[in-house]
Amino acid sequence: MQTKQTFIKRNGLIQIKELSKFYSNGQIRAVDDLSLTINQGETFGLLGPNGAGKTTTIRLLNGLIKPTHGSANINGYDILKDTQQVKRISGLLGESPGVHAKLSAYEFLEFMGALYGLKNLKTRINELLNFFDLSERKNDLIEGFSTGMRQKVLLAAAIIHDPEVIFLDEPTAGLDPRAARTVKELVKDLSKRGKTILISSHRLPVVEELCDRIGIIHQGQLIAIGTVTEILAQSQTQTLEEAFITITGGSPSSNLSPWRN
Ligand SMILES: Nc1ncnc2c1ncn2[C@@H]1O[C@H](COP(=O)(O)OP(=O)(O)O)[C@@H](O)[C@H]1O
Ligand SMILES: [Mg+2]
C-alpha cells in the first residue's frame, strides 16, 4: 500500500495513521486502525486494560515490530523507513526490558550511552545518577538492585541521549509509592523541558496526574480521546473509571477495573 507523504515535519510531533497490527492471520487485532496525533511537548496517556494494545502500539512506534497496515512518523521520520533517525530522537522504556545485571549502574549507562555514540558521557551519567538518587550505588552490580532501582536505571538509560520524544510503557508498574513518585517527578521534569511523552498505563491515577490528554484504548481501538474534563463531558460521568466503563459498554458491576492493581 502506498503511503501519502502528507506528514508535517516538526520536532516532537508523533503522527499515527491507520496503524494496525494483527496476529494469528488477523484473528488477534492487537492494534486496530489507530489514528492519532500527539503534539509537540504534550504528555499523552494511553490508557486501557491489560491486552488493550498499549505495548503493541509503543513497540510499533519504536520499530521493534512491523505494522500489518498503516504508518506513523516521529518528527516527520517514518517509523519503517527512517529507523535510525527515529532511534536517535526517541527514548524507550519498554515492557520488561532487558538489563545487564552483571554490570554496575554506571557501566550499564556507559554502555547505553556508547550505543548512541555519545561523547562526554561522564557528566551526563553522573547527572542522571544524581537525579535518580543512585550516586551512592553507582558502582554496585544491577543484579543486587530492587525493582525500583532497576527501573530508575532503565529510565536513566532511556533518556541518556536527551531524546525529543519519550515512550514509557507502564513506567510505574511494580514500583513502591516512593519509586513511583520519582518516576512521576521525572515525567513532569521532562515535560517542563518541552519533551513529547507517551505513557501507557492501566492505572488511572498515573495518567490522570501526568497527562495533558488521554486516549482510551480498548481491543486495539482508540475509543475516546481528550483531556480528562473532555472525556468526562463526552461520557457524562464523574470519574475516568466510570467513563471507561460507560464508553466500553460494560456495567459497573462487571468488574472492569483491572488497572486497580
Ligand atoms: N507477539 C504476539 N503474538 C500474538 N498475540 C500478541 C502478540 N503480542 C501481543 N499480542 C496480543 O495483542 C493484544 C494486545 O497486547 P498488548 O499490546 O501487549 O496489550 P497491553 O500492553 O495493552 O496490555 C493482546 O491480546 C495480546 O495477547
Ligand atoms: Mg503492556
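**Close-up views of a predicted model**

View 1. Helix α1 (residues 54-61) has seven of its eight residues buried, so the helix is largely enclosed by the rest of the structure; buried means under 20% relative accessible area with a 1.4 Å probe and protein chains only, and helices (H or I, at least four residues) and strands (E, at least two) are DSSP runs numbered from the N terminus. The buried residues of α1 are K54, T55, T56, T57, I58, L60 and L61, and just after the helix G63 takes a positive phi of about 70°. This is a predicted model, in which local features need pLDDT of at least 70, side-chain atom pairs count only at pLDDT 80 or more, and totals for chains, interfaces and linings use all residues. Residues are numbered from 1 along each chain as its sequence is written, and side-chain values use heavy atoms, with hydrogens and water left out.

**View 2. The lining of the largest pocket.** Among the elements that give two or more residues to the lining of the largest pocket are α1 and α3 (105-115), while the largest share, four residues, comes from β6.

**View 3. S201 in strand β8.** S201 lies in strand β8 (residues 196-201) and, at 1% relative accessibility, counts as buried. The side chain of S201 reaches the backbone nitrogen of R203 at 2.9 Å.

Definitions and conventions: Chains are lettered from A and ligands numbered from 1 in the order in which they are written. Buried means under 20% relative accessible area, exposed over 50%, partly exposed in between (1.4 Å probe, protein chains only). A polar contact is a pair of N or O atoms within 3.5 Å; within protein, one must be able to donate a hydrogen and the other to accept it, and residues adjacent in sequence count only if both atoms are side-chain atoms.
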